[in-house]
Amino acid sequence: MAKYCGRCGAPMQESDRFCPSCGQPASTSQSGQSSGQSQSTWSQPQNSWSQSQSSQPRDPWDRPKNSQPRDPWDRPPQTDWGVPQTNQPTMKWFKFIIWVQLFLSALGNLGTGLSLVTGLTYGEYASSVYYYFSGLKIVDIFCGLLTIALGIMAIYVRFQLSGFRRRGPDLYLYYLAANIVVSFLYIILTSIVIGTFAGDTTSIVSLICSVVLIAVNSVYFKKRRHLFIN
């Protein structure tokens, strides 16, 4: 049976008393079988260690090297108003208010106010109307100026709402109420001047709709009060 030098590992004959390569005494040499056994014995712990590693549960946070780490601050996508979509109140009516209603209301109030101040409301009969009802011109000018102020207020309220200002919803409700007051005031003053009720069905329905609109918007903005924090 072949044996090997225990120092340099060179092969030796059974009759050799010293290693022909390094001169190490033959007593420290190892046989091929014992060397193989020692190597297998040494490899067994390594195999058993690797088996124990493979049997352990996989770390749930292990990811492939090329994968991107997950952001722990992931949040739901946001809308263009900066509010998370989860449990978010709808804002369609709000967009209609700031992009349509207030702009049209401003234009309407400015046009109506200028018509009252200049007498264009009565067209070519303005001079005759003011001749028979001398106090009517003062009422028209006074209410016309108030209506022009409402048109300017509509633009101001619009930018307060679009900027999510804290007082934006309250200013909008005040604006709606001011429209009712000015309209009602014009009907009362005109009725006093001409001696009969100046309101018609359209104006009465408009006032009732304005009151309902205030109530609905009050509830609407109460649920979204937390959005107006600027």
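How much accessible surface does the protein have, and what share of it belongs to carbon and sulfur atoms? I looked it up: the accessible surface comes to about 15,900 Å², and 61% of it belongs to carbon and sulfur atoms. Such areas come from the Shrake-Rupley method with a 1.4 Å probe, and for residues only the protein chains shown count as cover.

A note to myself on the model: it is predicted, so local features need pLDDT of at least 70 and side-chain atom pairs pLDDT 80 or more, while totals for chains, interfaces and linings use all residues. Residues are numbered from 1 along each chain as its sequence is written, and side-chain values use heavy atoms, without hydrogens and water.

**Layout.** I found 6 helices and 3 strands, in the order β-β-β-α-α-α-α-α-α from the N terminus. Helices (H or I, at least four residues) and strands (E, at least two) are DSSP runs, numbered from the N terminus.

**Burial.** Of the 230 residues, 27% count as buried. Buried means under 20% relative accessible area, exposed over 50%, and partly exposed in between (1.4 Å probe, protein chains only).

**Helix 2.** Next I visited leucine 110, which lies in helix 2 (residues 92–118). Is it buried, partly exposed or exposed? Leucine 110 counts as partly exposed because its relative accessibility is 30%. Leaving out residues up to four places away in sequence, I saw that leucine 110 touches Ile148, Gly151 and Ile152; contact means heavy atoms within 4.5 Å. Leucine 146 is 36 residues from leucine 110 in sequence, yet their C-alpha atoms are 9.8 Å apart.

Tryptophan 93 also has its place in helix 2, and at 30% relative accessibility it counts as partly exposed too.
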